[in-house]
Amino acid sequence: MGMTDVLIVGAGPTGLVLACDLARRGAAVRIVDRSPVPPRTSRAKGPNARSLEILDDLGVAEEVLAAGSAPLPMLKYRDRLPVAETDPWADSAPSPGAPYDRGRLIAQWRLEEILRDRLAGYGVRVELGREVTGLAEGPGGRHVDVTFAEGRTERARYVVGCDGAHSSVRKRLGIGFEGTIAEDQVMVCGDVDLADGALDRTRWHQWFDEDGAVMLCPIPGTRTGWWFQAGPERDGRGRPLAPTADGFRRLLARHTALPGPALTRAELLSTYRVNVRMADRFRAGRVFLAGDAAHVHAVAGGLGMNTGIQDAFNLGWKLGLVLAGHAGAELLDTYEEERLPVAARTLDLTSERLRATLEAIRRPGGGLDAAITPDTTGLGVGYRWSSLARGHSEARKAGDSSPEAPDAEVRTERDGERPAPGPGDRAPDAPCVDAVTGSRTRLHRVFAGPRTTVLGFGPGSAAALREVAAAYGDAGVRTCRVYGAHEDRDTSAPGEAVVDDEGHAAAAYGRRASDGTGTGTGTGTSTVVVVRPDHHLGLSAPAADARSVHAYLHRLHGAARSAERFSGIGGRRR
């Protein structure tokens, strides 16, 4: 029986992002979905700012941007008349550290199509019509035997359940999925066509009345297609009725100035109830859960699909390093350690945003903009509590126990302040210049691809970067020297090099801009920053502290080709 490295169950955005990340690492990955055809669902309205960074790393952001549209201003109505217009992003703009300041509207089926095409470029295609009916750990716990509905059993080193809120993988593992369903908070949804020209497609239209609501958002890439969301019709006993095309027409006529017949098509009809649940654990042996299989929450803030995409980006590089034989299997423990607190906080955040939205729409002019806060961009999510987030002195301690994981924290910029990131935080972007070609680039372009990146700031970092390149260059680690605008450059140095010509990189990473000469050789103000493959800081250390850098890279990438290389940098010996 052949062995697959990773079998992914579920081919939504979470599963596809994970499959793309693993495939580009050279892992033998397969992805199956019980649906006989790719689902044609539009329900998720698109990636947020952090997910766009992930899609950029995977090489598909430009296609997503072209296929989608920017978030739209919201036009709010009461008693069929417009009463207010709000652009939640009016005061937002791209910054050097975050070139994506807002998400993108795109139908989920279109995003999935883009990701499937990217995956096919690696020679991997979704296996449709394949339903998992059994999971069993193999002898010695070295693999998982997966049984399918057609009776075949196949073998994988790891399995990841990305198969949604009703996950068969989670159920077969016996993992609890505790939480609540708010039976009284119900919405009917669907994709509809409106008569051409019926509504302005540059607005997200929202009718909120005391006896119900209708929301219509244009679907990018269509001429007459709209996302339809509404409070349901109810029977004589107040129970919500199932969605139908005629029901949608009645709701349209009741709440809007449009006649019911203006709605010419309705499909993908569904009923949504606020469901707030989280798995007890995200891992059982060699099987993991990600996305809705691990957590579901209120739609407010649009974090459902996005949290799943970010789960996948956290897990992919860890599986890749373990499968390549670089990292020990214990690295996989950090997936749950990092993502479970984030999921717990997301449940709280979305529930709070839903409460705020329900309060806002009671007043004329209130709308879905109440759900949008800086937290919903995803840019502030970090893992400061993680055992992979170490200060340089901590990293040198052998056998450190992992810090207890607190609630997930979110860093946001306020009042113009931009605190320097610490270990576990998202690594900021910064515009800069390629030191060799002179072309414009940015740090996230340097980070892109399935590797750990070691940045060197200051002339004293050169020796550290040489040692890292020599010891770990063949193990998935790249080095990049970040020069100040007027620093002398060493053209013989290994690895990449960029010029921080506007000082944004220095500012983003808490460094003083170069004073100009670059002739100093001391290491006192020079820094080495280790950036994980998922663009989070792992370590920031003085360039002289080679031991910390070595200890951190050893955990992710195994033993260096010559551990002695690190013993003498900056005069430190042990």
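Predicted model: local features only at pLDDT ≥ 70, side-chain atom pairs only at ≥ 80, totals over all residues.

Reply: Helix α11 spans residues 462-472, and its buried residues are A464, L465, V468, A469, A471 and Y472. The cover over these buried residues includes the strands β19 (452-457), β20 (477-484) and β22 (527-531), together with helix α13 (546-557).

R466 also belongs to α11, but this residue is partly exposed, because its relative accessible area is 33% and the buried class requires under 20%. The side chain of R466 forms a salt bridge with that of D490, with an N to O distance of 2.4 Å. D490 sits in the loop between β20 and β21 (496-500), whereas R466 is in the helix, so the pair ties together parts that are 24 residues apart in sequence. D490 has a relative accessibility of 31%, so this residue too counts as partly exposed.

Other salt bridges in the model give some context. The side chains of R339 and D311 meet at 2.7 Å, N to O. R339 is in helix α8 (residues 333-360) and D311 in helix α7 (residues 304-323), so this pair ties together parts that are 28 residues apart in sequence. Both R339 and D311 are buried. D534 and R532 form another salt bridge, with their closest N and O atoms 2.8 Å apart, and both of these residues are buried.

Elsewhere, a network of salt bridges links R30, E127, R130, E150, R152 and E154. For the model, the count comes to 42 salt bridges.

Terms used
Residues numbered from 1 in each chain as written. Heavy atoms only, no water. Buried < 20%, exposed > 50% of the residue type's maximum accessible area, 1.4 Å probe, protein only. Helix = DSSP H or I, 4+ residues; strand = E, 2+ residues; numbered from the N terminus. Contact = heavy atoms within 4.5 Å. Salt bridge = Lys/Arg side-chain N within 4 Å of Asp/Glu carboxyl O.
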